[in-house]
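Hi,

Here is the structure I promised to pass on. Have a look at it first, then read my notes below.

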Amino acid sequence: PPRWSHPKDGCAVCRRWKPRPAAWTGFSRPACGVSPDGPFGAIDRRMIFQFARDAYYRTNIYNRMLRRHGPAQIYGLATDPIPGDPARGAGMLDGAMVLAARRRMLGDHIFENDLRSTAALTDLYGFSWLRDLSALSAPAASAWAAARIGDWLRHGDRWDALTWSPGVTGARLLAWFNYIDFVTTAGDSPLRADMAASAAAQLRHLANTVRAGKRQGRRPTRM
């Protein structure tokens with residue numbers, strides 16, 4: 001292990017100088033927590049690790065690895081404690097969605113809009129709006145929701161730093177589990193099988209994220 005000590009010209013953080021004792025044999029870290037390779041050594045290593053990890057997550061190899069297992073099944077939970085808003089659901093059928101407390105005209109191709117708000121993107125890709133469509137209890141609402149999920153599976157079912165972050169992914173999976181029976185009326189529909197395969201891949205990615213965080217000594221992100 002490195003010998004933690006302040007450099008002779010003084011610590012860049014606490015501006016103090018602690019000479020090393022002649023018979024120094026310990027490995028204790030100084031009070032300011034600065035290592036011999038500078039105050040930003042540990043930060044640089046974390047940034048390099050995150051850059052390399054994100055580059056790997058973007059590859060086709062990682063995408064195939066998440067899906068290398070056999071077919072999966074998905075079962076409805078129907079445990080959403082928050083009631084849906086049928087007025088918002090009716091607005092979606094007219095092309096309007098409420099994201100980040102703002103009403104936005106997105107049309108039918110909701111994932112093709114250039115949203116600049118991180119909060120709006122989090123709401124959109126978290127699929128919490130499924131509860132509002134479910135509150136309509138109309139076949140048109142179910143068909144619209146199924147079409148939008150199909151769009152996401154075709155264009156968004158790959159890792160992205162924001163839309164596959166632990167919080168957004170967890171919210172999306174919970175929404176799918178709660179409203180899978182609303183979206184897919186037939187138990188053996190192709191869409192249900194595709195959602196199950198994607199949900200299994202997203203769960204594996206979350207497990208990889210937790211393991212990577214533990215290796216870096218971080219607590220898992222709350223969802």
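**What I found**

W159 is buried, with a relative accessible area of 14% (buried means under 20% relative accessible area, exposed over 50% and partly exposed in between, with a 1.4 Å probe and protein chains only). Before going further: this is a predicted model, where local features need pLDDT of at least 70 and side-chain atom pairs count only at pLDDT 80 or more, while totals for chains, interfaces and linings use all residues. Residues are numbered from 1 along each chain as its sequence is written, and side-chain values use heavy atoms, leaving out hydrogens and water.

Back to W159, which sits in the loop between helix 6 (139-155) and helix 7 (166-183). Helices here are DSSP runs of H or I with at least four residues, strands are runs of E with at least two, and both are numbered from the N terminus. What does W159 touch, not counting residues up to four places away in sequence? The list is D54, Y57, R58, W164 and H205, with contact meaning heavy atoms within 4.5 Å. With H205 there is also a side-chain polar contact of 3.4 Å (a pair of N or O atoms within 3.5 Å; within protein, one must be able to donate a hydrogen and the other to accept it, and residues adjacent in sequence count only if both atoms are side-chain atoms). N60 is 99 residues from W159 along the chain, yet their C-alpha atoms are separated by 10.0 Å.

Now the chain as a whole. You'll find eight helices and two strands, in the order α-α-α-β-β-α-α-α-α-α. Of its 223 residues, 39% count as buried. Among contacts with a separation of 6 or more, 65% come from residues 24 or more positions apart.

The strands are next. Strand 1 (96-99) and strand 2 (residues 102-105) pair in the antiparallel sense over four bridges; pairing takes at least two DSSP bridges. Together they make a hairpin with two residues between them, and A100 in the turn has a positive phi of about 55 degrees. M97 stands opposite R104 in strand 2.

That's what I have so far. Happy to go through any of it with you.

Cheers
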